[in-house]
Amino acid sequence: MNRFDIIVVGGGHAGVEASLASSRMGASTLLITIDNDSIGWMPCNPAIGGPGKAQIVREIDALGGAMALNTDETLTQIKLLNTSHGPAVWSLRAQCDKWKYSLGMKKRVEEAPNLHLRQGIVSRLIVQNDRIKGVEVADGSKFFADAVVLTTGTYLRGRIYISTWSMEAGRWSEPPSISLSEQIKELGFKMSRFNTGTTPRIDKRTVDLSKFKIEPGDFVPLHFSFWNVPKIYDNQIPSYIGWTNEKTVEVTRKYLNLSPSVMGIMVRIGPRTCPSMEEKVRWFPDRTRHQFFLEQEGFDTNEMYMQGMYMSMPYDMQLEVLKTVPGLENVEIIRPAYVIDYDYIIPTQLNMNYETKLIEGLFIAGQPNGTTGYDEAAGQGLLAGINAALKVKGKEPFILKRSDAYLGVMSDDLINKELYEPYRITPSHCEYRLILREDNADLRLTRRGYEIGVVEEWKMKKVEEKEYLINEVKELIAKLSLNPNKEILDKLKQIGVSDISKPMLVADMLKRQDFTKDKLKKLDDKFKKYPDEVLEEIEVELKYAGYIAREKSAVKEFVQYENFMIPEDIDYSSVPSLSKEGRERLNTIRPRSLGQTLRITGIRPSDVQMLILYLKKREGGNSNG
């Protein structure tokens, strides 16, 4: 069989979600990957979630994706971060057993209906008249499809460096895609180059862990997936926190000239949020204390990942740097750190559905769009897989706006804004983060996913049940009043809540900072039957009602701009008085709305004014907004 509806190239986090999404939607899908035994592999830190990323993962889950479910099944530690701040930035983070995680994803791929798996290296795209037709594999095999999703990770002309030594590779020991990268450039795509790195893996048995601060997981009911019941994971593996010192910095500085980026033999632009030790010393010359984490990579291994200790100097020098840290005097490196640079396709050449503007039917997701992180890749893969399936079915694309989801924020940023470094989502990217919390992703997105066929019916029913319970509790607390009699005052005192001087509705009590869902259950047994997630949803809405109302008001204004549509056939060379840069940006990105225009890098306020005047004149004085 060599004919499919959709072909997905690459079996990493983007490729897995893309292929599972399109197959769930009934599209015959082929997943081609270099190594069937490394599907969903975690070549860097085996961690899922964190600020911004957790919101992405739970949105993937709400839309039927696999990442959250697989994380729950394979995690070695789980924590809820930022609990000292408001719920807008609460974020789950889990460490996973990297081997079990990969096996779990492979099992999902192998068992998915409509999904076929093939090991191979895609060497070329088959393109006719600017339309994708299929792919050619290095062994000469050809496969045909109406849509192709490229999720090639760091494989496009990837090259690994440890100081002056280097080798062509997509990641360690796996060959890169040289010819595919060259063809993409020949097709007319603008490309650039980023780098990313990894840390040494060390032998736990050679570390004196007593000299590090222990960082345990949270032993309270938690879960990543909405489709699982929260539970306490009692077999968690702790992490450990350490710090560099003056000697660490001194030794690193001694070998700075052996860093490949300093020597100029590779591109220097990498993720700013994950600087290497060499970069920390260069960027912060007066600082000697840098934090790092020791994180075990699985239940059945002694390998530990050194989060925060990225390096690219020679192996012996890496070892010398590590041994300056108390507790690592006898450390042994199992795998040396390295850095890799690779080609990426400048993502302003995509439409909001992740289809390229140059080649119809070609979709791109993950690191070839200039992003970094498993979570971001998986989110793009999910959206690309959904839209590829809708494309072959002749249906309208599935587009999430910035006001809909973190996934919408990420998509909008990639298509409209210039990348100066590999893109990584954080809560600071999101204007409406109190509305777009990780806890309500199912309420926001699952129905929309069900309507397009990417979410199973049983998941939709579970969300409907949650909605019913939320409304039931809301009605109950809006009627239930607490009177300041002795019995109530005694109960309030027992649970640590300050007195009330007049009758107060439970709904108003929940607005108070000293009254929580847990205290509500202690106060009145009738609330014990409701899941914590239901009560927490209501508590957050009530406590932050004013802020939420303000964000919803801002969203209404945002939507007005989004609904001011720009005709597809507009010729920007005919729009008078546009700046040269503005005209170039508009011709490149071709925004679909005034809202999108406002967010394009390089567009001036005067450009927007000229565009509005032109559109009103074109429409006879009436805009279509």
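Colleague: Which exposed residues lie on the face of H21 turned away from its buried side?

Modeller: This is a predicted model, where local features need pLDDT of at least 70, side-chain atom pairs count only at pLDDT 80 or more, and totals for chains, interfaces and linings use all residues. Numbering runs from 1 along each chain as its sequence is written, and side-chain values use heavy atoms, without hydrogens and water. Exposed means over 50% relative accessible area, buried under 20%, partly exposed in between (1.4 Å probe, protein chains only). The face of H21 turned away from the buried side carries Pro605, Gln609, Leu613 and Lys617.

Colleague: Why do the buried residues of H21 line one face?

Modeller: An α-helix has 3.6 residues a turn, so residues three or four places apart point the same way. In H21, the buried residues are Asp607, Val608, Leu611, Tyr614 and Leu615. They line one face because, seen down the axis of H21, they fall within an arc of 130 degrees (directions from the helix axis to the C-beta atoms).

Colleague: Which helices are included in what covers the buried residues of H21?

Modeller: Cover here rests on contact, meaning heavy atoms within 4.5 Å. It includes H19 (580-589) and H20 (594-598).

Colleague: What percentage of the chain is buried?

Modeller: The chain has 625 residues. Buried residues make up 57%.

Methods
Helices (H or I, at least four residues) and strands (E, at least two) are DSSP runs, numbered from the N terminus.
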